[in-house]
Amino acid sequence: TADDVRREAARRIQVLLNARNDEHVTILIPNGSREAIRLLRIRTGRDWSTEEAKRAAELEAMDLAIERIRDASNAMEEAPPDDYADAKHWPAFG
């Protein structure tokens, strides 16, 4: 069902973020957003340090990965395939 696909998407996001559980995901995503905003504020006043630039790239990559998982989920929800959890239906990372 669509709910099964959404649960699989949530599981994949949890794995991507190395989150302990769904509740931890709901903490990590807003914290990452807040960190990205802080980095953008810094960028308006000076160039990022090497560490800041690396972290900004990590946050951007995570955001893109989450968006790709959500896109895959959205594409399957109307007519979920029987093998919706198979990796072939989801973006590969790493």
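Mentor: Start with how helix packing is expressed. Axes are lines fitted to C-alpha atoms, for helices over the stretch in contact, and angles run from 0 to 180 degrees between N-to-C directions. Two packed helices are described by the angle between their axes and the distance between the axes. Keep in mind that this is a predicted model.

Trainee: At what angle do α1 and α3 pack, and how far apart are their axes?

Mentor: The angle between α1 and α3 is about 165 degrees, and their axes lie 9 Å apart. An angle over 145 degrees counts as roughly antiparallel, so α1 is roughly antiparallel to α3. The crossing of α1 past α3 is right-handed.

Trainee: Which residues of α1 and α3 make the contact?

Mentor: On the α1 side they are A2, V5, R6, A9, R12, I13 and L16. On the α3 side they are M62, A65, I66, I69, R70, S73, M76 and E77.

Trainee: How do I read a nonpolar core?

Mentor: In soluble globular proteins, nonpolar side chains tend to be buried together. Here the largest nonpolar core has 11 residues: V5, A9, I13, L17, A19, V25, I66, I69, A72, M76 and W90. Both α1 and α3 supply at least two residues each. The biggest contribution, 4 residues, is from α3.

Trainee: Is A72 buried or exposed?

Mentor: The cut-off for buried is under 20% relative accessible area. A72 has 12%, so A72 is buried.

Trainee: And M76, which is another member of the core? Which residues does M76 touch?

Mentor: With residues up to four places away in sequence not counted, M76 touches V5, P81, Y84, H89 and W90. Of these, V5 and W90 are also listed in the core.

Trainee: Now the charged pairs. How many salt bridges does a search of the whole structure find?

Mentor: The search finds 9. When reading one, look at the atom distance, at where the partners sit in the chain, and at the accessibility of each partner. One of them pairs R6 with E77, with the closest N and O atoms 2.8 Å apart. That pair joins distant parts of the chain, R6 being in helix α1 (residues 2–16) and E77 in helix α3, 71 residues apart.

Trainee: How accessible are R6 and E77?

Mentor: R6 is partly exposed, at 39% relative accessible area, whereas E77 is buried, at 19%. D3 joins R6 and E77 in a network of salt bridges.

Trainee: Which residue forms a salt bridge with E35?

Mentor: R55 does, and the closest N and O atoms are 2.9 Å apart. E35 is in helix α2 (residues 22–45) and R55 in helix α3, so this pair also links distant parts of the chain, at 20 residues apart. Both are partly exposed: E35 has a relative accessible area of 22% and R55 has 29%.

Trainee: What about K88 and D83?

Mentor: Their side chains meet in a salt bridge with an N to O distance of 3.0 Å. K88 counts as exposed, at 59% relative accessibility, and D83 as partly exposed, at 29%.

Trainee: One last item, the backbone. What is the phi of N18?

Mentor: N18 has a positive phi of about 55 degrees, although N18 is not a glycine. N18 lies in the loop between α1 and α2 and counts as exposed, at 67% relative accessibility.

How values were computed. Residues numbered from 1 in each chain as written. Predicted model: local features only at pLDDT ≥ 70, side-chain atom pairs only at ≥ 80, totals over all residues. Heavy atoms only, no water. Buried < 20%, exposed > 50% of the residue type's maximum accessible area, 1.4 Å probe, protein only. Salt bridge = Lys/Arg side-chain N within 4 Å of Asp/Glu carboxyl O. Core = buried A, V, L, I, M, F, W, Y, C linked by side-chain atoms within 4.5 Å. Contact = heavy atoms within 4.5 Å. Parallel < 35°, antiparallel > 145°, perpendicular 65-115°, else oblique. Left-handed = near helix turned anticlockwise from the far one by under 90°.
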